[in-house]
Amino acid sequence: MTQALEATAPLAIDDATADRLFRTARTVTTFAESEVTDEQLTAVYDLIKWGPTMMNTSPLRMLVVRTPEARQRLVGHMPENNQERVSKAPVTLVLAYDTDFHERLDVLIPHMPGAREMFAGDAEMRAGAARTSALLQAGYLLVGLRAAGLAVGPMNGDYAGIDAEFFAENGWKGFLVVNVSAADGADTTRPRAPRLSFDDAARVV
Ligand SMILES: Cc1cc2nc3c(=O)[nH]c(=O)nc-3n(C[C@H](O)[C@H](O)[C@H](O)COP(=O)(O)O)c2cc1C
């Protein structure tokens, strides 16, 4: 893996942690052979579930693709250039959002009675809200996986096909496919590409 790109001042985490989570962590395309366990994935979810979502709606859902049979079903809905990676990853997550997230709001928003009913009548609004917060949760998840010593390879699939294949019954909407491996032994094929600077990416007013 690559060396740290820069060590900048005032972070509240140590440099080794910053490197592991961001600076030296790469999007991996080849994977370690060791297993990624459900215990690891549970620990990661139990960490990242605390990240903020709109009104605490928590719409992210995950399909853990582990068996050869399930993997083959998923590969059939990946673009050709992504198929081999999904075939070879120790485990692959299909990230989705649940447009029926409002069914869980009595538990998730106890401080706001009626939240469930507020969302119940507007499926379009729910879909937009679910997608926005689930995308954020996906970001937390990628960083959380790295915090557990894992490496990630996010990629796109044919989500209409994936939804029909896996989510016909629960109505989840897939939006990202993530190959997961132990970081130690995983690698990537191309050099790190630059990123925009703060001055390029931000305007301070
Ligand atoms: C939403 C999203 C979609 C992506 N789609 C693909 C993809 O279809 N195929 C692929 O090989 N990589 C895909 N990537 C990986 C990116 O190209 C990679 O994360 C980016 O170039 C940064 O690489 P680095 O982490 O090694 O610096 C995707 C990443 C994200 C976050």
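A nitrogen atom of the ligand lies 3.0 Å from a polar backbone atom of P154, a polar contact in the sense of a pair of N or O atoms within 3.5 Å. This is a predicted model, in which local features need pLDDT of at least 70 and side-chain atom pairs count only at pLDDT 80 or more, while totals for chains, interfaces and linings use all residues. Residues are numbered from 1 along each chain as its sequence is written, and side-chain values use heavy atoms, with hydrogens and water left out.

**Ligand surroundings**

- The residues around the ligand are R26, T27, N82, R85, P154, M155, N156, L176, R190, R192 and R195, each with a heavy atom within 4 Å of the ligand.
- An oxygen atom of the ligand is 2.9 Å from an N or O atom in the R190 side chain.
- For the side chain of R192, an N or O atom is 2.6 Å from an oxygen atom of the ligand.

- Helix 1 (residues 15–23) and helix 7 (residues 123–147) have axes that come within 9 Å and cross at roughly 130°; helices are DSSP runs (H or I, at least four residues) numbered from the N terminus, and axes are lines fitted to C-alpha atoms over the stretch in contact, with angles from 0 to 180 degrees between N-to-C directions.
- Helix 1 and helix 7 are therefore oblique to each other (angles under 35 degrees count as roughly parallel, over 145 as roughly antiparallel, 65 to 115 as roughly perpendicular and the rest as oblique).
- The crossing of helix 1 and helix 7 is right-handed, meaning that the near helix is turned clockwise from the far one by less than a right angle.
- R20, L21 and F22 of helix 1 are in contact (heavy atoms within 4.5 Å) with V143, R146 and A147 of helix 7.
- The contact of helix 1 with helix 7 has four nonpolar, no polar and two charged residues.
- The axes of helix 2 (residues 38–48) and helix 7 come within 9 Å, crossing at roughly 130°.
- Helix 2 and helix 7 also form a right-handed crossing.
- L41, V44 and I48 of helix 2 contact Q137, Y140, L141, G144 and L145 of helix 7.

**Helix 3 with helix 4**

- The axes of helix 3 (residues 68–75) and helix 4 (residues 80–88) come within 9 Å and cross at roughly 170°.
- That angle makes helix 3 roughly antiparallel to helix 4.
- R71, L74 and V75 of helix 3 meet Q83, V86 and S87 of helix 4.

Technical notes: Helices (H or I, at least four residues) and strands (E, at least two) are DSSP runs, numbered from the N terminus. Ala, Val, Leu, Ile, Met, Phe, Trp, Tyr, Cys and Pro count as nonpolar, Asp, Glu, Lys and Arg as charged, and the others, Gly among them, as polar. A polar contact is a pair of N or O atoms within 3.5 Å; within protein, one must be able to donate a hydrogen and the other to accept it, and residues adjacent in sequence count only if both atoms are side-chain atoms.
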